[in-house]
Amino acid sequence: MELTRRGFIAGAGASIAGCASYKRETLSMATSHDPNLIAFLSDIHLLGNAARWKDGPDQSSVVLPQLVSEILALRPLPAHAVVFGDFSASCGWEEDFRLAAASLKPLSDAGIALSCAMGNHDNRACFLRAFPEYRQRLLLPERIVSKVSTPNADLVLLDTLKSRPGREWAEPTNEGNFVEGTIDAAQRKWLAETLAAATRPTFVGAHHPAREPGIVKEVVNAPAAFGYIFGHNHVVAEGFLHDGYSNTRTVQTATLPSGGFWGDIGYALFRTFEDRAELTFRQTDFYFNRLWQDRPRPKNWRERVRMHDGRMVTFWYDKPGNFYGS
Ligand SMILES: [Fe+2]
């Protein structure tokens with residue numbers, strides 16, 4: 001795994017503690033954690049029982065602990081971490097979530113609050129059995145919807161998992177879920193009301209791109225919505241949402257890398273300020289292959305890492321349509 005840190009730490013405004021005698025437990029939360037800093041992980045795709053998928057992705061169990069270690073080496077620590085869905089390698093088996101809970105526990109042990117969204121490879125019932133404390137975080141009774149607040153902004157996390165009909169809370173099967181994302185009527189109503197009532201800069205996060213659950217118009221036209229962040233594609237990217245070519249309320253988007261399986265591999269750091277938020281990508285590898293762990297990466301793979309590692313996307317709290325009125 002390439003672990004160049006070009007520009008990443010400086011861009012994220014954090015620093016690595018190099019002192020071996022450093023004692024985290026002696027620091028108070030006020031000084032050890034940055035309340036405006038959130039670590040973003042997505043598509044960690046863990047396989048908790050290798051017998052379920054003989055040739056399945058086992059690299060994620062290698063990569064994720066490395067990414068978690070990097071996050072834990074940040075000073076100050078982020079106050080929050082978010083997993084943008086696809087905890088499971090494939091079908092949402094409970095042991096995948098159990099492995100995720102164990103793999104992410106070092107973050108919680110370090111006082112980093114974990115928040116989650118559901119992806120198309122997940123299962124709501126199995127998620128809540130592995131993360132039982134998350135039940136208290138749910139803002140809707142039937143979906144894994146929650147909110148993360150920093151001193152400067154809010155991030156609402158949607159549940160875009162599209163289950164087979166009538167199987168929203170059923171146990172996983174080998175058939176899995178639909179790949180595409182959706183939200184039900186209750187969640188759509190909740191999102192519209194939440195965005196309409198927002199008095200602080202608000203970001204919307206989900207596993208799927210906004211067009212799949214059909215919420216582009218809602219996010220673009222909400223005066224307080226300034227960004228949409230998602231995973232699913234395993235491809236680092238930035239872009240924007242718009243609602244027609246004459247609409248001036250564009251919304252910046254960012255697509256997160258995978259936390260361990262296929263495509264762009266890494267995580268991101270999200271820092272909120274009074275007038276903007278900055279998302280800095282950390283890319284450590286491309287298409288990590290366990291068999292190649294100690295071999296040089298192909299040129300194209302190294303180039304993708306070089307292009308993305310340390311790249312920053314800025315989300316200004318500024319929507320021309322808010323004051324131009326169109
Ligand atoms: Fe995925």
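## Strand β2 and its partners

Let's start with strand β2, which pairs with β12 (residues 264-272) in the antiparallel sense through four bridges. Within this pairing, Ile38 stands opposite Phe270 of β12. Please keep in mind throughout that this is a predicted model.

β2 also has a parallel partner: six bridges join β2 to β4. Here Asp34 sits opposite Pro78 in β4. Eight of the nine residues of β2 are buried, so the strand is largely enclosed by the rest of the structure.

Moving on from β12, the next strand is β13. The two pair in the antiparallel sense over nine bridges, and they form a hairpin with three residues between them.

## The iron site

Which residues supply the protein donors of the iron ion? They are Asp43 (OD), His45 (NE2), Asp86 (OD) and His234 (NE2), and they lie 2.1 to 2.3 Å from the ion. Along the chain, the donors follow the spacing D-x1-H-x40-D-x147-H. Asp43 is found in the loop between β2 (33-41) and α3 (60-72), while Asp86 is in the loop between β4 (77-83) and α4 (94-109), so this pair ties together parts that are 43 residues apart in sequence.

Why is the arrangement around the iron ion irregular? The four donor atoms subtend angles of 84 to 173°, whereas a tetrahedral site would need all angles to lie between 85 and 135 degrees. Are the two aspartates, Asp43 and Asp86, buried or exposed? Asp43 counts as buried because its relative accessibility is 0%, and Asp86 is buried too, with a relative accessible area of 2%; the cut-off for buried is under 20%.

## Cavities inside the protein

How many cavities of 30 Å³ or more are there? The count comes to three. The largest cavity has a volume of about 120 Å³. It is lined by 15 residues, and those closest to its centre are Asn123, Arg167, Glu171, Pro172 and Asn177.

By class, the lining of this largest cavity is made up of six charged, five polar and four nonpolar residues.

How far apart are the C-alpha atoms of Gln136 and Ser146? They are separated by 9.6 Å, and the two residues are ten residues apart along the chain.

How values were computed
Residues are numbered from 1 along each chain as its sequence is written. This is a predicted model: local features need pLDDT of at least 70, side-chain atom pairs count only at pLDDT 80 or more; totals for chains, interfaces and linings use all residues. Side-chain values use heavy atoms; hydrogens and water are left out. On a 1 Å grid over the protein atoms alone, a cavity is a set of points where a 1.4 Å probe fits but cannot get out, and a pocket is an open set with protein on both sides within 12 Å along at least five of seven lines; lining residues have an atom within 4 Å of a point. Grid points are joined across faces, edges and corners, and a volume is the space filled by probe spheres set on the points. Ala, Val, Leu, Ile, Met, Phe, Trp, Tyr, Cys and Pro count as nonpolar, Asp, Glu, Lys and Arg as charged, and the others, Gly among them, as polar. Donors are N, O and S atoms within 2.8 Å of the metal (3.2 Å for Na, K and Ca); water is not among the atoms, so sites may look incomplete. Four donors count as tetrahedral if all angles lie between 85 and 135 degrees; four count as square planar and six as octahedral if opposite donors are over 155 degrees apart and all others between 65 and 115; anything else is irregular. Buried means under 20% relative accessible area, exposed over 50%, partly exposed in between (1.4 Å probe, protein chains only). Two strands pair if DSSP finds at least two bridges between them.
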